[in-house]
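Me: I've got a model up on the screen and I'd like to talk it through. Can you take my questions one at a time?

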Amino acid sequence: MNLRRLNEQGIFQFSRFLDSVAGNDPWRYPEELLTDPKMTEKTVPAVEIERRILGNRFVAAQYLFNLFKKAGMGNVERDRGLWAWLSLFYFNELCPEDRDGRRRPGEIARWVPDPLSWRYYRHLLAGPYRIYAAHQDKPERAMLVLQGPLHKPGDIVEQFAARQEVITNRGIMEAASILYYDRDGGGPKRGAASKDGKGTVRRFMDILNQFDVTWDLYSLEAPDVLRMLPEEFSRFFPVPARDELFSKT
Amino acid sequence: MPIRTINYTNRKRILREHVSITLNERGENTTFDAILHLSGYKLPPEARVFVEAYRQTQYKRFDFGTVGLVHVPADRSLSDFGSAEGVLFRVKVVTSNDPRGMLLAEADQIRPRKSKDEDENRMPLLTVMPNANMGDEIWRLEFDEQQTRLFVNSALGDWRGIARDRVFISLVYPSVFRYVLWRILHQERHFDTDDMDDWRSRWLRFAVSLPGVNNVPAEEDEDQFDDWIENAVYAFCRRHNIRALYENYWTGGWNR
């Protein structure tokens with residue numbers, strides 16, 4: 001299918017559909033809205049997009065990033081109609097049925113991005129895309145916030161993505177992924193997302209706020225950040241332990 | 001974000017008069033010019049200089065070279081922010097090495113001057129901004145550490161016009177004023193009127209400048225907060241002839 005973008009009328013129709021899904025009398029999936037010439041417009045250049053299972057946030061972001069790059073589409077980040085269309089296109093994966101057979105779309109920011117708000121990162125596709133684009137030279141450094149299924153970004157993403165100077169910061173995101181991303185398990189390490197406890201992601205954010213008073217966080221590289229962390233974070237350091245990792249630097 | 005009060009590393013505070021940021025607005029393609037006077041701060045010439053633009057959680061960083069050799073970047077676009085309304089600036093001078101990235105000097109919450117704006121020191125209390133994702137809401141008030149923002153539903157069309165509309169002003173602004181004061185006293189527990197870098201102090205100072213409004217109640221006088229707020233809102237409405245604005249509309253004095 002050719003990629004399109006929803007116009008304001010199309011966005012309004014899409015939001016009505018989402019409202020119905022959230023209620024007790026869900027409408028059927030509005031497939032025709034994807035190509036309705038009154039509700040959508042073509043992109044320039046024309047881009048062929050596959051309806052496929054994206055699988056997780058990283059794969060989705062990678063697929064869309066390469067798609068737009070290959071097509072020479074610039075400045076897509078703030079194109080809310082485009083992202084709204086994409087989230088309608090992939091609706092089935094982005095809003096799977098739960099055990100009771102119900103779909104729960106959640107807040108509108110997950111479906112129609114607000115380019116001027118921090119809620120932009122809550123968009124289920126534009127969020128991971130934007131993170132991937134910010135780390136395009138080495139997207140694995142942001143693996144902690146690019147892992148996981150598309151419909152459940154999770155609390156860790158919320159913690160980092162709420163601050164653009166953090167989510168786009170190479171040193172911080174690499175340090176966070178070293179600390180909290182379980183390469184073998186393909187997800188966050190156990191206990192990383194706890195709301196309290198030592199060395200958790202929340203504590204990491206607290207410590208960053210303290211560092212921010214004295215340091216220019218953007219100038220720091222991952223080893224700088226890791227070296228400065230207090231002892232409480234040692235339980236999340238990979239083997240070899242912190243001292244062995246950094247004693248030679 | 002952090003409370004910037006303890007200074008363990010003797011970083012210097014760059015005075016506002018030594019930083020001048022001017023916006024060049026061309027629709028959504030706004031750029032900025034920055035003039036920095038850093039020579040009086042005895043900073044090492046190799047120290048790096050960065051200018052950061054930010055609004056709420058949006059952020060963009062510009063590399064201005066070093067103290068000894070300031071290099072103005074060619075790309076000073078703020079298009080990532082959409083409208084540049086409410087964008088603030090921060091200037092950082094940081095060590096280039098050993099240790100890398102330590103803050104040596106900083107100026108924060110720099111409000112840019114618009115190129116057509118005569119008054120460089122104007123600091124609006126309320127930044128009005130568009131928001132297309134407000135559904136059926138007409139306006140929404142949001143706070144962050146730097147400012148208070150009034151979002152107007154831009155899906156309605158001319159959001160600037162809405163914000164200037166007399167009915168909107170008469171119905172919305174007193175409520176905004178009441179809520180801001182409520183928030184400052186009850187939630188923020190802020191009572192200082194002297195720190196003009198702090199949005200809360202600026203609002204409180206504005207309130208006490210209104211005719212008939214007493215000094216801000218002390219923190220321990222919580223039972224006086226609500227009366228003081230009501231009195232301030234009353235004075236605000238009187239000062240701005242809010243009733244007449246609405247009455248003119250309601251009685252057909254101008255097109256309804």
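Predicted model: local features only at pLDDT ≥ 70, side-chain atom pairs only at ≥ 80, totals over all residues.

Me: Which element gives the most to the lining of the second largest pocket?
Reply: That pocket holds about 650 Å³ of space and is lined by 28 residues. At least two lining residues each come from α5 (126–134), α9 (170–180) and α11 (222–228) of chain A, and from β5 (58–66) of chain B. With four residues, the top contributor is α5(A).

Me: How many charged residues are in the lining of the second largest pocket?
Reply: Lying nearest the centre are A:Glu77, A:Arg130, A:Ala133, A:Ala134 and A:Thr168. By class, the lining has twelve nonpolar and seven polar residues, and the charged ones number nine.

Me: Is strand β9 of chain B largely enclosed or open?
Reply: One side carries B:Leu126, B:Val128 and B:Pro130, the other B:Thr127, B:Met129 and B:Asn131, and all of these are buried. Six of the six residues in β9 (residues 126–131) are buried, so the rest of the structure leaves this strand largely enclosed.

Me: Is A:Cys95 buried or exposed?
Reply: The cut-off for buried is under 20% relative accessible area. A:Cys95 has 2% relative accessibility, so it counts as buried.

Technical notes: Residues numbered from 1 in each chain as written. Chains lettered and ligands numbered in written order. Heavy atoms only, no water. 1 Å grid on protein atoms, 1.4 Å probe; cavity = no way out; pocket = protein on both sides within 12 Å on 5 of 7 lines; lining within 4 Å. Points joined across faces, edges and corners; volume = space filled by probe spheres on them. Nonpolar A, V, L, I, M, F, W, Y, C, P; charged D, E, K, R; others polar. Buried < 20%, exposed > 50% of the residue type's maximum accessible area, 1.4 Å probe, protein only.
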